[in-house]
Amino acid sequence: MELWQLQQRQSLPLESKIVHSQNVIKQWHEHFDGKVYVSFSGGKDSTVLLHLVRELYPEVPAVYVDTGLEYPEIRDFVKTIDNVIWLKPKLSFKQVIDKYGYPVISKEQSGWIYDARTGKTEKQKLRINKVSKKWQYLINAPFKISDRCCYYLKKKPIKDFEKESNLHPYLGIIAQESSRRTKEYLKFGCNSFNAARPLSKPLSVWLEQDIWNYLKSYNIPYSKIYDMGESRTGCIFCMFGCHLEKEPNRFQRMKVSHPQLYEYCITKLGLGNVLDYINVKYK
């Protein structure tokens, strides 16, 4: 698919996007004979997705990975939803950062830094050449850096669940969110039946405003964390992209809204030292 085709779909009215998503959902459900589930984070996008899916197929389960890194308001909201399977990763965030390192800058950069510092093969060691010049100094940082957090806390529990259950996921992913997700949509579309890991992304052509319009139009409950000023509800201790945020950034807001969590991550988990090193304010 060409970019202009995605942009054309993104410009459609919400009603047309709903019909499009319903067709995607039906095709996925029929293809896998109902052996499907909704990957549910408790965020606004997956809340809309779950509503769309269960309007058609009320019996479809939701799956939530309780990483221990969610806002308490997210976990409280998930508890209000019926038929949710809770998964728990085998490692905690602290265990991951102690063993592999902190998630900083971006998944890509931290992965290259990790390989450059710990790689055993020549190919891994040469990842040092891929690290941006701006972040080359992190190769010699006095703390570990890696991209392994997402894998051990989110991807592995889901991967293990899918292997055991033989269920196939609906994901609340929107192409608008990043260039990477845009490229994935252009390559695979909404339903990637033949991918190594088949995925359905019924909301791909939606925009963020469509999500809010749907929630409001259909009077769908959502986590109150959004009404507290947060626009993203990912892992609250993650430092990916925090150097790009305007003040007050995610950690400065956390100091006000969740002071105990702030103290735990900044002091006990050592994020304060990492943020100081990359020159990101958090006080």
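**Entry 1: Ser-146**

I started at Ser-146. Setting aside neighbours within four places in sequence, I found Ser-146 in contact with Tyr-100, Gly-101, Tyr-102, Pro-103, Ser-110, Tyr-114 and Phe-240. Contact here means heavy atoms within 4.5 Å. Ser-146 sits in the loop between helix H7 (122–125) and helix H8 (148–165). Helices (H or I, at least four residues) and strands (E, at least two) are DSSP runs, numbered from the N terminus. I read 0% relative accessibility for Ser-146, so Ser-146 counts as buried. Buried means under 20% relative accessible area, exposed over 50%, and partly exposed in between, with a 1.4 Å probe and protein chains only.

**Entry 2: Ground rules**

I note that this is a predicted model, in which local features need pLDDT of at least 70, side-chain atom pairs count only at pLDDT 80 or more, and totals for chains, interfaces and linings use all residues. Residues are numbered from 1 along each chain as its sequence is written, and side-chain values use heavy atoms, with hydrogens and water left out.

**Entry 3: The whole protein**

I counted secondary structure next. The protein has 13 helices and eight strands. Then I checked the radius of gyration. The protein has 20 Å, which agrees with the value near 19 Å that a compact globule of 283 residues would have. That radius is taken over C-alpha atoms, and the globule rule is 2.2 Å times the number of residues to the power 0.38. The C-alpha trace spans about 50 × 45 × 40 Å along its principal axes.

I looked up burial too. Of the 283 residues, 49% are buried. The protein exposes about 15,000 Å², and carbon and sulfur atoms supply 50% of that area. Accessible areas come from the Shrake-Rupley method with a 1.4 Å probe; for residues, only the protein chains shown count as cover. Contacts between residues at least 6 apart in sequence came next, and 71% of them join residues at least 24 apart.

**Entry 4: The second largest pocket**

I turned to the second largest pocket. Its space comes to about 200 Å³. On a 1 Å grid over the protein atoms alone, a pocket is an open set of points with protein on both sides within 12 Å along at least five of seven lines, a cavity is a set where a 1.4 Å probe fits but cannot get out, and lining residues have an atom within 4 Å of a point. Grid points are joined across faces, edges and corners, and a volume is the space filled by probe spheres set on the points.

Which helix gives the largest share of this pocket's lining? Helix H3 (residues 44–56) does, with four residues. The lining is Phe-40, Thr-47, Leu-50, His-51, Arg-54, Phe-77, Thr-80, Ile-81, Asp-82, Ile-220 and Pro-221. I sorted these by class: six nonpolar, three polar and two charged. Ala, Val, Leu, Ile, Met, Phe, Trp, Tyr, Cys and Pro count as nonpolar, Asp, Glu, Lys and Arg as charged, and the others, Gly among them, as polar.

**Entry 5: The cavity**

I found one cavity of 30 Å³ or more. The volume of the largest cavity is about 40 Å³. Ile-173, Ile-174, Ala-175, Arg-181, Glu-184, Tyr-185, Gly-189, Lys-201 and Ser-204 line this cavity. Its lining divides into four nonpolar, two polar and three charged residues.

Ser-223 lies in the loop between helix H10 (208–217) and strand S8 (239–240). Is Ser-223 buried or exposed? Ser-223 is buried, at a relative accessible area of 1%. Beyond neighbours within four places in sequence, Ser-223 is in contact with Gly-42, Glu-73, Ile-74 and Phe-77. I had already listed Phe-77 in the lining of the second largest pocket.

Leu-56 belongs to helix H3. Leu-56 is partly exposed, with a relative accessible area of 27%. Apart from neighbours within four places in sequence, Leu-56 is in contact with Gln-22, Ile-25 and Lys-26. I also took the C-alpha to C-alpha distance from Leu-56 to Val-205: 19 Å, across 149 residues of sequence.

**Entry 6: Backbone**

I logged a cis peptide bond between Glu-247 and Pro-248, with omega about 0 degrees. Pro-248 is in the loop between S8 and helix H11 (250–257).

Asp-33, not a glycine, has phi near 55 degrees. Asp-33 lies in the loop between helix H2 (14–31) and strand S1 (36–39), and is exposed at 65% relative accessible area. Asn-279, also not a glycine, has a positive phi of about 65 degrees. Asn-279 lies in the segment after helix H13 (271–277). Asn-279 is exposed, with a relative accessible area of 71%.
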